[in-house]
Structure formats: structure tokens, C-alpha cells
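Here is a short briefing for a first look.

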Amino acid sequence: MQTIRIAVTGTDTDAGKTVLSLLMMQYLIQRGKRPFYLKPFQTGCKHGDEPSSDAGFVFRNIEALKGINGAGAVINCLETPKAPFFAARDMGMRIDVEYTLRKVKEKGAPYTHVIMEGAGGLYVPLTEEVTMLDFIEMSGFKTVIAARAGLGTINHTLMTIESLRSRGIEPGGIVFMDGGSTPVPDEMVEENMEAVALFSGIPVTGVIGRIENFKKPGQSCYPVIASLFRQIKGLG
């Protein structure tokens with residue numbers, strides 16, 4: 001069995017990577033797949049399964065994973081809520097990138113899919129020399145982008161795409177995340193989607209709006225995720 005490995009990156013911190021990762025996991029489980037959520041670098045936590053961690057959020061909101069400790073999804077758990085390089089330094093340690101890459105490969109081996117959520121945006125430092133972009137390149141994962149739906153996303157999304165392409169990584173898809181209390185006006189979302197497609201050649205897969213119940217997000221979310229997986233498959 002060949003494991004399909006997908007990295008979820010964001011245009012910046014809190015762009016919606018964790019929610020997109022959750023929806024991808026839910027979609028795959030609904031279709032009888034056996035996916036694994038992975039968070040190689042988690043900051044602001046003492047253990048990977050605590051409620052405030054991204055892994056804790058994902059595992060808590062997937063019924064099929066009920067009772068499973070999400071700590072196994074986190075490789076580097078760092079206490080301070082800041083860039084992994086500095087969070088590790090605060091703890092008197094240095095992230096071992098090679099070890100982390102080995103663990104990523106080991107943990108994903110028994111599964112049909114691995115959904116690996118990055119930390120922050122692409123240029124977040126992991127060590128003095130390695131960024132999240134470097135790590136994604138070294139991992140060889142296919143990559144999708146979670147981007148804000150509103151003002152500023154054209155610049156941030158195009159820069160993210162350009163950075164990936166500079167490493168020979170063609171993004172597998174882009175999803176606009178619109179989870180704020182006030183939805184972005186439809187006209188702005190449409191114009192943002194048009195601009196991203198025009199200047200990058202990659203159509204935005206769709207928009208995920210505000211979700212009230214993450215355990216049952218509503219079926220309207222999943223056509224976007226289905227389209228995203230078709231785009232990823234189209235990369236070969």
C-alpha cells in the first residue's frame with residue numbers, strides 16, 4: 001500500500017490549517033480510508049493531547065478517533081507559543097530535523113493517508129538554518145494551502161505559491177478559510193479567487209465558511225474537500 005502524504009501549510013499563523021486538516025481527515029474516514037493526522041512541531045503545549053493543541057482539537061472532533069491519545073501525532077512538543085526555533089531554545093534544546101523526518105516516515109507507514117499540518121507559514125524557523133519550507137521540501141509531501149478569504153490574501157497566497165514553486169513544489173490546491181464571526185463579502189471573496197487564479201494559474205478550490213459544530217461541520221464543507229483531493233490526485 002502506498003501512503004498518500006499531504007502537507008497542509010498556511011499563508012500565515014491562524015490561516016485555518018487545523019480546520020482544513022480536520023475536514024480532510026473527516027472526509028477520508030467517511031470514505032473508508034485510514035488516515036493519520038500528524039503535527040511535527042507544536043508550540044504552546046506541555047503535551048500533544050491537551051485541549052489547546054492542534055492534535056487535541058483534531059482528535060476530539062473525529063468520532064472514529066474517540067479515546068485515542070493525540071499525543072502520538074506530535075513529534076516536537078514545545079511549551080512556549082512562538083516559532084519552533086525560539087520555543088525550543090527557551091527549553092534549552094534544538095530541534096533535530098533528521099530525527100523528525102524519520103519519525104514522520106515511521107508514523108505514517110501503516111496508513112492510507114498522512115495529513116501533516118505545518119507550523120505557521122512557510123518561513124517559520126525550526127532551527128538556525130531550517131524553515132518550515134525546508135522541512136516540507138525535505139519530506140517530499142504533496143502540499144495544499146490554507147489561506148484567509150479576506151483582505152490581504154492575494155498577496156499572502158501568491159507569495160506562498162511562489163515560495164513553494166521556487167523549491168520545485170507545485171501546490172496541490174488552495175482553500176480559502178472564512179471562519180471569522182463576520183463573513184467576508186462575496187464580491188471580495190470572488191475577486192480574491194480571481195486574482196489568485198489569474199496570477200498563479202491555480203484556481204482556488206473553494207471556500208470553507210464558519211463552522212459551529214466541528215464534530216459535524218455539515219455536508220456543505222465536503223464538496224470542497226472532495227475537489228481538493230481530485231486536484232491533488234491530478235498532480236500525479
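At what angle do the axes of helix H4 and helix H5 cross? They cross at roughly 45° and come within 11 Å. This is a predicted model, in which local features need pLDDT of at least 70, side-chain atom pairs count only at pLDDT 80 or more, and totals for chains, interfaces and linings use all residues. Residues are numbered from 1 along each chain as its sequence is written, and side-chain values use heavy atoms, with hydrogens and water left out.

**Helix pair**

- H4 spans residues 97–108, and H5 spans residues 132–139.
- Helices (H or I, at least four residues) and strands (E, at least two) are DSSP runs, numbered from the N terminus.
- Axes are lines fitted to C-alpha atoms, for helices over the stretch in contact, and angles run from 0 to 180 degrees between N-to-C directions.
- H4 and H5 are therefore oblique to each other; angles under 35 degrees count as roughly parallel, over 145 as roughly antiparallel, 65 to 115 as roughly perpendicular and the rest as oblique.
- On the H4 side, Val97, Thr100, Leu101 and Val104 make the contact. Phe135, Met138 and Ser139 meet them from H5. Contact means heavy atoms within 4.5 Å.

**Aromatic rings**

- The model has 5 aromatic pairs. Rings of Phe, Tyr and Trp (its six-membered ring) pair if their centres lie within 6.5 Å; planes under 30 degrees apart count as stacked, over 60 as edge-to-face and the rest as tilted.
- Phe36 and Tyr111 are stacked, because their ring centres are 4.8 Å apart and their planes lie at 25°.
- Phe36 sits in strand S2 (residues 35–43), and Tyr111 in the loop between H4 and strand S4 (113–117), so this pair ties together parts 75 residues apart in sequence.
- Phe36 is buried at 11% relative accessibility, and Tyr111 is buried at 18%. Buried means under 20% relative accessible area, exposed over 50%, partly exposed in between (1.4 Å probe, protein chains only).
- Phe85 and Phe86 form a tilted pair, with 4.7 Å centre to centre and 50° between the planes.
- Phe85 is buried at 15%, while Phe86 is partly exposed at 33%.

**Gly206**

- Gly206 belongs to strand S7 (residues 206–208).
- Gly206 is buried, with 8% relative accessibility.
- Beyond its neighbours within four places in sequence, Gly206 contacts Ile174, Val175, Phe176 and Val224.
- Ile225 is 19 residues from Gly206 along the chain, and their C-alpha atoms are separated by 8.4 Å.
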